[in-house]
Amino acid sequence: MKFFVDTADTAAIRELHELGMVDGVTTNPSLIHKSGRNIKEVIAEIAEMVDGPVSAETVATDYETMVKEGHEVLKLGKGNIAVKVPLTWDGLRACKHLSSEGHMVNVTLCFSANQALLAAKAGATFISPFIGRLDDLNLDGMDLIADIREIYDNYGFKTQILAASIRSANHMSEAAKIGADVATAPPDVIKKMASHVLTDKGLAAFLDDWAKTGQSIL
Ligand code: G3P
C-alpha cells in the first residue's frame, strides 16, 4: 500500500519524506487554510520536494471553471500534480476531460460505492472514499473500502482506491488488509503506527537490565 501524507505542512512532509514514507501528498482547501500559505506557493514547494502525486484541489463548482483551475494547478508541478475534483456531476465531467488529456485526477468526497463506480467510468486515477467521516455518522467507513475493492476487481477498473479521512493507525492497517491501493493520513497518524505499549514496556525493561550490567557499547 502506498502512503500519501494528508497535509500542506511542508516541514512535516519533509520529515516523513526523509524516512522514505512519502509516496505522495494530498491537500484540500481546509488543509491549505490550516497551513496559512498561498496555495500556489505551497503546492509548488511540495511538488518540488516529492516525486509522487501531489493532489491539489479545485474550488469551482462548475465544470468549465474546474477544468480551468485544474490546468492552473497542473502548472505548479513537474508532471506530478493530481487535480482533485469533488464527486459531483460537474466534478465527474471535469475528471473525464482532464483524464482524457492524460492528467492524473483524484475524485474526492466519495461516500458510496456508486459514486466510486462513476468515478472509475470517468477515468479517475484515484478515488478518495472518506472513512472517518462515515465513522463519524456511526457507519463503517471500512465497509465502503471493501465494497469499492470488490467492484473495481470485478471489472478490472484501474482507478486506485485512495483511503482518505484516516483518523487512526488502526484505519491504516484495516485499509491495507482490504487492499486499498493508497492510504492518505495526517503525519501524526503515520507516526503513531510505530507505537505499541509493549514495545515501550519491553524497551524500558531491557534498558533497566542493561544498566545493571554496568557495560557500555560505545
Ligand atoms: O483526505 C481527506 C481528508 O483530509 C479529510 O479528512 O479528517 O477532515 O475527514 P477529515
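Q: A contact is defined by heavy atoms within 4.5 Å. What percentage of the contacts in the protein chain with a separation of 6 or more comes from residues 24 or more positions apart?

A: The share is 58% of the contacts with a separation of 6 or more. This is a predicted model, in which local features need pLDDT of at least 70 and side-chain atom pairs count only at pLDDT 80 or more, whereas totals for chains, interfaces and linings use all residues. Residues are numbered from 1 along each chain as its sequence is written, and side-chain values use heavy atoms, with hydrogens and water left out.

Q: How many helices and strands are in the protein chain?

A: Helices (H or I, at least four residues) and strands (E, at least two) are DSSP runs numbered from the N terminus. The protein chain has eleven helices and eight strands. Its C-alpha trace spans about 70 × 40 × 30 Å along the principal axes.

Q: Which residues touch the most other members of the largest nonpolar core?

A: In soluble globular proteins, nonpolar side chains tend to be buried together. A nonpolar core is a set of buried Ala, Val, Leu, Ile, Met, Phe, Trp, Tyr and Cys residues joined through side-chain atoms within 4.5 Å. Here the largest such core has 57 residues, and V107 and I127 touch the most other members. Leaving aside neighbours within four places in sequence, I127 has contacts that include L87, V107, I148 and Y152. A second, separate core has five residues, among them F4, A82, F126 and V182.

Q: How is an aromatic pair read, and how many does the structure hold?

A: A pair of aromatic rings is described by the distance of the centres and the angle of the planes. Rings of Phe, Tyr and Trp (its six-membered ring) pair if their centres lie within 6.5 Å; planes under 30 degrees apart count as stacked, over 60 as edge-to-face and the rest as tilted. The structure holds four aromatic pairs. One of them joins F4 and F126, edge-to-face at 5.6 Å centre to centre with 75° between the planes. F4 belongs to strand β1 (residues 2-6) and F126 to strand β6 (residues 126-129), so this pair ties together parts that are 122 residues apart in sequence. F4 and F126 are both buried. Y152 and F157 also pair edge-to-face, because their ring centres are 5.7 Å apart and their planes are at 65°. Y152 is buried at 0% relative accessibility, whereas F157 is partly exposed at 22%.

Q: How many salt bridges does a search of the whole structure find?

A: Side chains of opposite charge can pair when their charged atoms come close. A salt bridge places a side-chain nitrogen of Lys or Arg within 4 Å of a carboxyl oxygen of Asp or Glu. The search finds 13 of them. D136 and R167 form one (3.0 Å, N to O), with D136 in the loop between α7 and α8 and R167 in the loop between β7 (160-163) and α9 (169-178). D136 is exposed at 54% relative accessibility, and R167 is partly exposed at 43%. Another salt bridge joins K177 and E174 (3.2 Å, N to O); both residues lie in helix α9, three residues apart.

Terms used: Buried means under 20% relative accessible area, exposed over 50%, partly exposed in between (1.4 Å probe, protein chains only).
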